[in-house]
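I opened this notebook to record what I looked up in one structure. The entries follow the order in which I consulted it.

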Amino acid sequence: MESGVGYVDCAGSGVVPAVGGVAGLAGAIVLGPRIGKFNKDGSANVMPGHHIPMAMLGTFILLFGWFGFNAASTFAVTDTRFAVVALNTALAAAFGATTSMFFMMNRGDKKPDPGMMVNGMLGGLVAITAPCAFVQPWAAAVIGIIAGLLIPIALGFFEKRGVDDPVGAISVHGVGGIFGVLAVGIFADGQYGAGWNGTEVTGITGILYDTSDGAKQLASQATGALVICTGIFRVAYGFFKIQATVSKSMGKGGIRSAEQDEIEGLDLPEMGVLAYPE
C-alpha cells in the first residue's frame with residue numbers, strides 16, 4: 001500500500017477526543033462567547049471556575065478511568081502488551097501535567113496553575129491514546145511533554161481568536177487528539193500491530209524508525225486527522241446551526257440561555273435551587 005498500513009488508532013485519540021474537540025469548536029463558534037468574556041478590543045477576561053479542587057478530583061478520576069480506556073478495553077490482561085499500554089498511559093499523563101506546570105511557571109508570577117496542570121495531564125492522556133500500544137515508554141514521555149506544551153499554547157491561540165472554550169475542551173481533546181493520531185506515524189517502533197507494507201507483514205512503524213514506511217504511515221495518520229477536522233466540523237456546525245435556527249423560529253432565543261439567566265447564574269433556572277444561597 002502507498003499509505004503504510006492505513007490509518008491506525010489503538011484506543012481512540014481520533015474517534016473519541018479529537019471528534020469531540022472539533023465538534024466543540026463548531027459549537028463554540030455557533031454559540032458565541034459568554035457575556036463578559038471578551039472586551040470591545042478583543043482582549044479576554046479571566047472567568048475562573050468555582051471549585052478548583054473539585055475539578056482536579058474529577059480529572060484524577062478520569063486518569064484512573066483512562067487505564068480502562070486504553071488498556072482494559074483494548075487488551076486481555078493475558079496480552080503482554082497490556083502492561084506496556086498501562087505504563088505508557090501513566091507516563092504520558094505525568095509528563096503532560098509536569099510540563100504544563102513548568103510552562104505556566106515560566107510566565108507571569110512564576111507560579112504553577114493547578115487548572116492548567118490537570119489540563120496538561122488530560123492532554124497527555126488524550127495524545128497517548130492512539131499510539132499507546134505502538135510506542136516505547138520513552139516515546140510516551142516525549143508525547144506527554146509535547147502535549148503538555150501544546151495545550152496551553154492552543155488555549156491562548158483560540159482565545160485570541162475570540163473562541164470561548166470554558167474548560168479547554170477544544171485544545172485538550174481536539175488539539176491533543178489530533179497530535180495523538182499523528183504521533184503514531186512518528187513514534188511507532190514497528191514491534192506491534194501487524195500490517196502489510198506492500199511486500200511483507202510488518203508492525204506499525206513511524207518515521208523515526210523507518211523513513212520510507214514511516215513516512216507512508218504518517219501520511220495515513222495525517223489523512224485521517226484531516227478527515228476528522230473537516231468532516232466532523234461540517235456535521236457539527238450544521239447540527240448546531242440548525243438547532244439555533246429552529247429555536248429562533250419558535251420564538252426562543254436560539255440555543256443560548258437567556259441573558260438575565262446567564263448573568264445571575266444558571267443554577268436556579270436550570271435546577272430550581274441556588275448553588276450559593278448566601
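**Pockets and cysteines**

I began with the second largest pocket, and found that α1 (14–31), α6 and α8 (259–264) each contribute at least two residues to its lining. I note that the model is predicted. The space in this second largest pocket comes to about 590 Å³. I listed 24 lining residues, and those closest to the pocket's centre are Arg34, Met47, Pro166, Glu262 and Leu266. Sorted by class, the lining of the second largest pocket holds 13 nonpolar, four polar and seven charged residues.

I then turned to the largest pocket, which has about 1300 Å³ of space. Its lining is made up of 45 residues, with Asn119, Asp165, Pro166, Val167 and Gly168 nearest the centre. I looked up which helices take part: α2 (52–72), α3 (81–105), α4 (114–129), α5 (137–160) and α6 (169–187) each give at least two residues to the lining of the largest pocket. The most comes from α5, with eight residues. By class, I recorded 25 nonpolar, 12 polar and eight charged residues in the lining of the largest pocket.

Last, I checked the cysteines. How many disulfides are there? I counted zero disulfides. The sulfur of Cys10 has its closest cysteine sulfur in Cys132, 3.7 Å away, and a disulfide requires the two sulfur atoms to be within 2.5 Å. The pair is therefore too far apart for a bond, and Cys132 is in no disulfide. I also looked up burial: Cys10 is buried, at a relative accessible area of 18%, and Cys132 is buried, at 0%.

How values were computed:
Residues numbered from 1 in each chain as written. Predicted model: local features only at pLDDT ≥ 70, side-chain atom pairs only at ≥ 80, totals over all residues. Heavy atoms only, no water. Buried < 20%, exposed > 50% of the residue type's maximum accessible area, 1.4 Å probe, protein only. 1 Å grid on protein atoms, 1.4 Å probe; cavity = no way out; pocket = protein on both sides within 12 Å on 5 of 7 lines; lining within 4 Å. Points joined across faces, edges and corners; volume = space filled by probe spheres on them. Helix = DSSP H or I, 4+ residues; strand = E, 2+ residues; numbered from the N terminus. Nonpolar A, V, L, I, M, F, W, Y, C, P; charged D, E, K, R; others polar.
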